[in-house]
Amino acid sequence: MIHYSNMNNPDPEPYLTNRGKPSDDNIFTFDIETISLYYINGEWRPFDYERPPEFYEECDKAASCYIWQFGINDQVYYGRELSEFGDVLKKISNPYCTRYIYVHNLSYEMQWLFDIIIDNGWHISELCARNLRQPIQFKIEELNIFFRCSYMLTNLSLDNAAKKYTDLKKAVGELDYNIPYSPLSKLPDQALHYCEMDIRTLYKIIRYFRNEYQHIKKIPLTQTGEVRAAMREELGFWYIKEQQKKVPPLQVYLALSVAFMGGISHGNVLHIGKKLKDVWSYDFCSSYPYCLCCYEYPDGAFHLIHKKALNRYKDTHCILYHVRLKNLRSRYYNHYIPYSKLINVDTDNKCIDNGRLVYLNGSCEMVITDIDLDMILKCYECEVEYIRIWASKKKRLRKEVVEFILRRYEAKTTLKGVEGEEAYYMKMKQQINSIFGMSATSPLKSGIFLTGDNGDEWDAHRSDDFDFVKEKLKDMKKSYSTLFFPMAIGCWCTAYARRNLWNAVISLDMDVAYYDTDSIKGIGTYVYTYIEEYNNKVDQILEKTSQDLDIPLEMFKPVDPSGESHPLGYFECETEKGLYKELKVLGAKKYYYTDHTGKDHLTMAGVRKAAVKYCSIDQFENGFRFGYHECGKLIHFYNNHQMPFTYRDIEGNIYTCKQKHSIILQPTTFTIGLTEEFLKLILKYKEEYVEDEA
């Protein structure tokens, strides 16, 4: 690495379009290293892992940046005071040629850059963010410089992105984030190498994408953006113009946004906390792509219909309902309705199974698809009152769209492990996994903005800001970059996928231990009969889709390099080589199992999978605490008004940090917790189940 004072400003490599300013194809990258400190006994100290997390609740916290790295192509520069990076930005600024700086996890660095932006009187424009404090891109207007997030592009850690896109290996485990370095500290060679390799790695990742898309400006902002770019190229202008006509009016959009439900994951209350033996596990083979390819979707405008006309529309239209449900009572041990989706609940006489409705004595309202209403009537005893009904003629997705999906599914299947095809396989796998995202993108995601006197406060337009929603829907009607599916597609795609999963759940009911969007785990032998019957039905659906769209059936059933067929939408057996020896489920995203080889696996929201070595299946229960190192997670504390503070670094230097904007990264523990309400329900079901068995 070279000190930034010796930095050479490269000549622009301009890419000129017929719109806007030229863009530079040089690759610029940026990264920082920081230390978080805590005020303990009158001095600022690094985190002490011997103290419990409760100790840090009242501690003052601060953070300091002690080195920053900046890459220009494959040359790495560095500086020690973060404020100095402002001089670099001024030096590379070019009013006639836009430059792009990539940062891996821009949401972190952006918080620190606010000081430089505010102190220089610069302004942020063209902010694109996924959520509050999650920028994908922003521009410093006065400098004509964009910052872009490479994490949003790859959806991978820098280490994993390096493995996927480069021949480099990121330096791992060589930088101790708890050593109190300061800009005055002399960093060891090992730490400097780590800093340098982060930039070199990021350069090679962005170089991969620049080669893929020819120019920096053309690189998509997100992983889903890659699929959009490919679909835009293959389907063309007139396909998108057709979709623009299907943007719904405000009232229908609001109904669709309420009706949308994502995946569904849960544990069977009968088996929570039990150690089950000889457990099978099945996964859907590309559940969402299967649903997109093989089912029918709203194809035109939604219009209100009277309930007396409902039977005329049911077979030919997708129906969106606003209903009032009364006196709901589940027929099964597994529970379908998420309580969070209920509207205008008029009673407290209800029972909730960890977020899922067991019964409700009273009434509530829901806005739901016809698929979800059918499942509710199958799963619950209840009365239904129709408040409002919309209908849209249903139709398969266009042949070109289905072929677009199938080509990627076919390539992902046939090229897996084939030497020399790694890059294309990787691209197709990423695209097939991202296709659904295009059908479920909300136009309101662009409603994130910065506010406050200094432009450093995050805010978002509310979904009930109807003027804003109208404006965004108007923009969608003109969008050529994002609109590839009508907005209703995501609602029905997830509903079809839930129905496929849930039919298995209620058919197996007591045998089911856990399910999660596109997978199911359980005990007993009836599953084998059910799966065979289900897959036979999938075969029939694939054949009919093939005939209706005149697409070769082989595209729906590609063969992997070992000669095994993988029909789209099949339930595939994960435990074909051997059942799990043991499984324990504690709730959604909370389970532990030992596979047929004796290897332990942990899935626990809030805890890294590697923590399995610190917890046995017997210890995996309510109240178990994963320690700091086992948990491996960091709490983020955002600070916009950090006061100057002075600390002693590792070498004894006294350094005063004047950084106003910072993020404190504090290690944390994680305790498995089940709510009192859920524990009572578990006990109730156990008692009833024992009585039923007797």
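Predicted model: local features only at pLDDT ≥ 70, side-chain atom pairs only at ≥ 80, totals over all residues.
I number residues from 1 along each chain as its sequence is written, and side-chain values use heavy atoms, without hydrogens or water. Local features need pLDDT of at least 70, side-chain atom pairs count only at pLDDT 80 or more, and totals for chains, interfaces and linings use all residues.

**Cores.** I looked up nonpolar cores (buried Ala, Val, Leu, Ile, Met, Phe, Trp, Tyr and Cys residues joined through side-chain atoms within 4.5 Å). Buried means under 20% relative accessible area, exposed over 50%, partly exposed in between (1.4 Å probe, protein chains only). The largest core has 96 residues. Tyr-297, Trp-492 and Ile-520 have the most contacts inside it. Helix 14 (residues 488–508) gives the most to this core, 14 residues. Helices are DSSP runs (H or I, at least four residues), numbered from the N terminus. A second, separate core holds 46 residues, including Tyr-38 and Phe-85.

**Trp-492.** I listed its contacts (heavy atoms within 4.5 Å). Beyond four places in sequence, Trp-492 meets Leu-256, Tyr-297 and Asp-370, among others.

**Helices 14 and 15.** I took axes as lines fitted to C-alpha atoms over the stretch in contact, with angles from 0 to 180 degrees between N-to-C directions. The axes of helix 14 and helix 15 (residues 526–549) come within 11 Å and cross at roughly 150 degrees.

**Ser-157.** I found Ser-157 in the loop between helix 3 (150–154) and helix 4 (158–165). At 34% relative accessibility, Ser-157 is partly exposed. Ser-157 touches His-104 and Tyr-151.

Notes
Helix = DSSP H or I, 4+ residues; strand = E, 2+ residues; numbered from the N terminus.
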